[in-house]
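Thanks for asking me to look this one over.

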Amino acid sequence: MAPASKSKRSGAVAKPTGRKPKTAVRSLRLKPAEAPKTSRIIAICNQKGGCGKTTSVINIAATLAAMNQRVLVIDLDSQCNATQGLGIELNEIEETICDVLLDPKAHSLADVIVESPYANLHIAPGSIELSEYESRAANEIGRENRLKKAILQIREHYDFVLIDTPPSLGLLSVNALNAASEVQIAMQSHPFALDGLHLLLETIELVQEELNPELKISGVIVTMFDPRTKISREIVDEVCQIATLKGRVHKTVIRQNVKLTEASRLRKPVMYYDDQCSGTEDYVQISREIAAQSKAAPAHTKAQPPASKIKKQTSKNART
Ligand SMILES: Nc1ncnc2c1ncn2[C@@H]1O[C@H](COP(=O)(O)OP(=O)(O)OP(=O)(O)O)[C@@H](O)[C@H]1O
Ligand SMILES: [Mg+2]
């Protein structure tokens, strides 16, 4: 299908959604982040359901875009929550990332990318058909490489590619880990969160060994943190002690905040719903941490971003 429009800044192909792109939230006074030298492809992973992967993808993507970074979100989950949460109507979509994975000769990634209602932010929409990808691709050669190959064709158009993954460690998550330059683990500060973490770390290690030696764990995003409870703090401390994750847990934790759920019901990033709530503060601050990782490796030894109004506002959600 012929592309309907081109992104002004990136030149990447994107079809308009019929809405006028929004600009950054002015009251937050977000400074433009320094663009990474090569695009960063970040898979947000955890096979545990409901731990905040999609919420993190939507809100980090929106914040980075508002910081003038060119961002692409790839929705690899058949629930399509990232697609819908960024204001895309599924019935307006003609081609999806599933078409690219199933038939890469007929569909390139550039064919399926659409503009979001937000400036600098594009989406490769998900589809319910992704739930069948595993069985439909079962006998296909190169099935773990499909996403990696597709991203290669468009990566120069973006500073950040964020991949939302499903709650499983199947073929779609392996495609995401194989395509990514880094993985950010989303982890709820809940006692059950540690169950299965070793399996995720083992899967990442296997992908590093067999498919993608460049892959690194660049961060752990702690979500739904309740600063009033001892257990929340204990879980974060325990994760910080896991050898592979030492020094990688982001300083900013995402506190529990009902505004995040309200915003997702309205299908918008929280910063466009309530720019004063703790959900906005936390996601702005963690996005700044992630953007600052672009300057040098290893990610977790990065200096903090320069002081600003936002940093002052968010000092209470940083781990001590
Ligand atoms: N910090 C938070 N505070 C309160 N609610 C939150 C927070 N983060 C996420 N939620 C809510 O928790 C639910 C699950 O979040 P989300 O959909 O992001 O998880 P997920 O890991 O993507 O789930 P799945 O594995 O099903 O894809 C959603 O209703 C979301 O609005
Ligand atoms: Mg999700």
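1. A word on confidence to begin with: pLDDT is the predictor's confidence in each residue, on a scale from 0 to 100. This is a predicted model, and the protein chain has a mean pLDDT of 87, with 84% of its residues at 70 or more.

2. Please take some care with two stretches. Residues 1-11 have pLDDT below 50, and the model gives this stretch 23 contacts beyond near neighbours in sequence. Over residues 298-316 the pLDDT also stays under 50; here the model has 22 contacts beyond four places in sequence.

3. Next, a helix pair. Helix H1 (residues 53-66) packs against helix H11 (residues 278-292) at an angle of about 70°, and their axes are 9 Å apart. Since angles of 65 to 115 degrees count as roughly perpendicular, H1 and H11 are therefore roughly perpendicular to each other. The crossing of H1 past H11 is right-handed.

4. Which residues make this contact? On the H1 side they are Asn59, Ile60, Thr63 and Leu64, and these meet Tyr283, Val284, Ile286, Ser287, Ile290 and Ala291 of H11. By type, the residues of the H1 contact with H11 comprise seven nonpolar and three polar ones, with no charged residue.

5. Now to ligand 1, where H1 comes up again. Ligand 1 is surrounded by 19 residues, and the closest of them are Lys53, Thr54, Thr55, Pro167 and Thr261. At least two residues of this shell come from H1, and at least two from helix H10 (258-265).

6. What is the make-up of the shell around ligand 1, in nonpolar, polar and charged residues? Twelve are polar, five nonpolar and two charged.

Methods: Residues are numbered from 1 along each chain as its sequence is written. Chains are lettered from A and ligands numbered from 1 in the order in which they are written. This is a predicted model: local features need pLDDT of at least 70, side-chain atom pairs count only at pLDDT 80 or more; totals for chains, interfaces and linings use all residues. Axes are lines fitted to C-alpha atoms, for helices over the stretch in contact, and angles run from 0 to 180 degrees between N-to-C directions. Helices (H or I, at least four residues) and strands (E, at least two) are DSSP runs, numbered from the N terminus. Angles under 35 degrees count as roughly parallel, over 145 as roughly antiparallel, 65 to 115 as roughly perpendicular and the rest as oblique. A crossing is left-handed if the near helix is turned anticlockwise from the far one by less than a right angle, and right-handed if clockwise. Two residues are in contact if their C-beta atoms, placed from the backbone, lie within 7 Å. Ala, Val, Leu, Ile, Met, Phe, Trp, Tyr, Cys and Pro count as nonpolar, Asp, Glu, Lys and Arg as charged, and the others, Gly among them, as polar. A residue is near a molecule or strand if its C-beta atom, placed from the backbone, lies within 6 Å of it.
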